[in-house]
Amino acid sequence: MSKLKTAVLISGSGTNLQALIDACKNPDFPAQITLVLSNKKDAYGLQRAKDAGIDTIVINHKDFSSREEFDAQMDKAILDSGAEFVCMAGFMRLLSGWFTKKWQGKLINIHPSLLPSFKGINAQKQALEYGVKIAGCTTHFVTEEMDAGPIIKQATVNIENSDTVETLTAKILEKEHQIYPESLRLIAEGKASF
Ligand code: GRF
């Protein structure tokens, strides 16, 4: 079986990365991770990648004078790894229009809300403050507009009166770890596309 060669972009703890790594351990899973790229050198996800024997690279956005130059360096590292597909997993940088157009249909993200509600940062806090009773997460193709591309999968969680940002974040993350590998599988099997 030829597997979809995938790079994963991270900035932090990388629990979604871990879910993807674990899924890729299954011989039947139709994707493999060729590179984990972080813009932060202390991202714990880098350790997860190393533990799994996956190549890593740190590209610090602060070393570049423009978003396009940073994105061009990422593009090069992704291509050098042999990847043909990119998963953003807690990658906390906006991407340039150049990069999102170049990778359109081959670049996906996970967001901790039921899009199109609560785009941007602190989505769980936004949901609690609004008072919605159902929250969740969304995987979607990435376009230039933030958190706005075509949706691949969503999962829901109920919000209880006792929920805090911390408890809601944990409940949503559990669902994220299910739908991210499922979404990558759908795409790799040609069952979902832009
Ligand atoms: C997740 O909630 C994801 O939806 C959001 O950033 C968080 C990353 O968490 N984009 P992790 O690094 O995968 O643990």
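**Reading cysteines, a helix and a pocket**

In this predicted model, the sulfur of C87 lies 8.5 Å from the closest cysteine sulfur, that of C24, which is too far for a bond.

Student: How many disulfides does the structure hold?

Tutor: A disulfide requires two cysteine sulfur atoms within 2.5 Å. The structure holds zero disulfides. C137 is likewise in no disulfide, as the nearest cysteine sulfur, that of C87, is 14 Å away.

Student: Is C87 buried or exposed? And C137, buried or exposed?

Tutor: A residue is called buried when its relative accessible area is under 20%. C87 is buried, with a value of 0%, and C137 is buried, also with a relative accessible area of 0%.

Student: Why is α1 described as largely enclosed by the rest of the structure?

Tutor: In α1, seven of the 10 residues are buried, so the helix is largely enclosed. These residues are N16, L17, A19, L20, I21, A23 and C24. Their cover includes the strands β1 (4-10), β2 (31-38), β4 (85-88) and β5, together with the helices α2 (44-51) and α6.

Student: Which residues lie nearest the centre of the largest pocket?

Tutor: A pocket may be described by its volume and its lining. The largest pocket here has about 840 Å³ of space. Of its 34 lining residues, G90, F91, M92, I110 and P112 lie nearest the centre. At least two lining residues come from each of α1 (15-24), β5 (107-111), α5 (123-130) and α6 (165-188).

Methods: Residues numbered from 1 in each chain as written. Predicted model: local features only at pLDDT ≥ 70, side-chain atom pairs only at ≥ 80, totals over all residues. Heavy atoms only, no water. 1 Å grid on protein atoms, 1.4 Å probe; cavity = no way out; pocket = protein on both sides within 12 Å on 5 of 7 lines; lining within 4 Å. Points joined across faces, edges and corners; volume = space filled by probe spheres on them. Helix = DSSP H or I, 4+ residues; strand = E, 2+ residues; numbered from the N terminus. Buried < 20%, exposed > 50% of the residue type's maximum accessible area, 1.4 Å probe, protein only. Contact = heavy atoms within 4.5 Å.
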